[in-house]
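Come along and check each entry against the picture.

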Amino acid sequence: MQMTFRWYNRFDNIPLEYIRQIPYVSGIVTAVYDIPVGEVWTKEAILAVKQPIIDAGLTFEVIESVPVHEDIKMGAPTRDRLIDNYCQTIRNLGEAGIKVICYNFMPVFDWLRSDLAHKLSDGSTCLAFDQQTILNMDPSVSELSLPGWDESYTKDELSALLECYKNIDHEKLWENLEYFLKKIIPVCEEAGVKMAIHPDDPPWSIFGLPRIITDKSALERLVSIVDSPCNGITLCLGSLGCSPKNDMVDIAAEFAKRGKVPFVHARNVYITKENCFEESAHLSSSGSLDMYAILKALYDNGFDGYIRPDHGRNIWGEDGRPGYGLYDRALGAAYLTGLWEAINKSKE
Ligand SMILES: [Mn+2]
């Protein structure tokens, strides 16, 4: 198990030196943020991100994320050129020493929350999701004011995009994912890079858009599209785990056993009611997931990949990027490392 930490490189105000001081954290998870989606990540751009990380004594082996262009998800005629670019990015990343690429196949919105600074009873703030708040929004008719939504589309562009997706149901999205994977996985095998799909967050459809990576059977289907060690998953505990239908201990055991988990996002969620949740502290007692049982399932089934503490709260007066402040994620890393040590020593 290699403990890593997400960092937004020159857009992040947390110094790498601070991250290196968190016990057991050995690597950084980041991305190239200034190349438009769909274009090739050049070797120069990748090395510019890598160098300061290496200089700080940390490793650079996991990318989160290489975004998949909407035309690939929609199966548009332009997709072959975009997939060729994606393949070249994979080759360039492999040459730079990257071992794992996290990506997702969520149409338009990526992760979604209704509140980025939800106040908890101890005064800390966290990301939260309230289904009713989301249901009250209609992005096709009103200005969308979703927290965290980067507004990279104008209202008209967004309407056009949503219109295109009206022709794409779950099965069509699966077909487009299959087309993409069959093209890129052979390139990954040559480049020595593992793809790790991030589950949909939250794992249910929103704004009428299809979402497919939502549960165990979806993960089964995903890994069976191309049976390769390079076709794996990012086991995001909080994304899948905010649906009580997902038994995270069982899912962790099953896919770790099959060698399909190169990367884990470890965080807890507290399910407040159906389709509503708060992102709690990492401890089992803080949320709805049994973190000990999940890590033990990973350990017992031979997990040897990368893990990182996922979203943290903002605590101790920190005004950090929502979900990505320093303090609570550092506490999370220490907690997860402690659990791992205890599990390991209990086997001796
Ligand atoms: Mn995640």
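Predicted model: local features only at pLDDT ≥ 70, side-chain atom pairs only at ≥ 80, totals over all residues.

**Entry 1: where strands meet**

**Entry 2: the whole chain**

Next I stepped back. I found twelve helices and twelve strands in the protein chain. The C-alpha trace spans about 55 × 45 × 40 Å along its principal axes. How does the radius of gyration agree with that of a compact globule? For 348 residues the rule gives a value near 20 Å, and the protein chain has 19 Å, so the two agree. I also looked up burial: 42% of the 348 residues are buried. Of the contacts between residues at least 6 apart in sequence, 70% join residues at least 24 apart.

**Entry 3: the barrel**

Which strands close into a barrel? I traced eight, in the order β1-β2-β3-β4-β7-β8-β9-β12, with parallel pairing. From one strand to the next, the twist averages 30°.

I then followed β12 to both of its partners. With β9 it pairs in the parallel sense over four bridges, and Ala-266 stands opposite Pro-309 of β12. With β1, the parallel pairing of β12 runs over two bridges, and here Met-3 stands opposite Ile-307. Are the faces of β12 covered or open? Both are covered: Tyr-306 and Arg-308 lie on one side, Ile-307 and Pro-309 on the other, and all four are buried.

**Entry 4: the open sheet**

I found a second sheet, this one open, with four strands in the order β5-β6-β11-β10 and antiparallel pairing. Its edge strands are β5 and β10 (270-273), each of which pairs on one side only. The average twist here is 35° from one strand to the next.

At one end, strand β5 (residues 115-119) and strand β6 (residues 125-130) run antiparallel and are joined by three bridges. His-118 has Cys-126 in β6 as its bridge partner. The two strands make a hairpin with five residues between them, and in the turn Gly-123 has a positive phi of about 90°. I also looked at β10 and strand β11 (residues 276-278), which pair in the antiparallel sense over three bridges. There Tyr-270 stands opposite Glu-278.

**Entry 5: the nonpolar core**

Which residues touch the most other members of the largest nonpolar core? Among its 83 residues I listed Ile-90, Ile-101, Ile-184, Cys-188, Ala-252 and Ile-294. Helix α7 (residues 170-191) gives the most to this core, nine residues. I picked Ile-184 and looked past its neighbours within four places in sequence: it is in contact with Ile-83, Tyr-86, Cys-87, Ile-90 and Met-195.

**Entry 6: helix α12**

My last stop was helix α12 (residues 327-346). I checked its length: at 1.5 Å a residue, its 20 residues should span 28 Å, and the end C-alpha atoms are 29 Å apart, which agrees. Its buried residues are Asp-328, Arg-329, Ala-330, Gly-332, Ala-333, Leu-336 and Leu-339. These pack against β1 (2-6), β2 (25-30), β9, α11 (291-300) and β12 (306-309). That brought me back to the barrel, whose strands include β1, β2, β9 and β12.

Technical notes. Residues numbered from 1 in each chain as written. Pairing = 2+ DSSP bridges. Axes fitted to C-alpha atoms, helices over the stretch in contact; angles between N-to-C directions. Expected span 1.5 Å × (residues − 1). Buried ≥ 20, exposed ≤ 12 C-beta atoms within 10 Å, placed from the backbone. Contact = placed C-beta atoms within 7 Å. Rg over C-alpha atoms; globule rule 2.2 N^0.38 Å. Core = buried A, V, L, I, M, F, W, Y, C linked by C-beta atoms within 7 Å.
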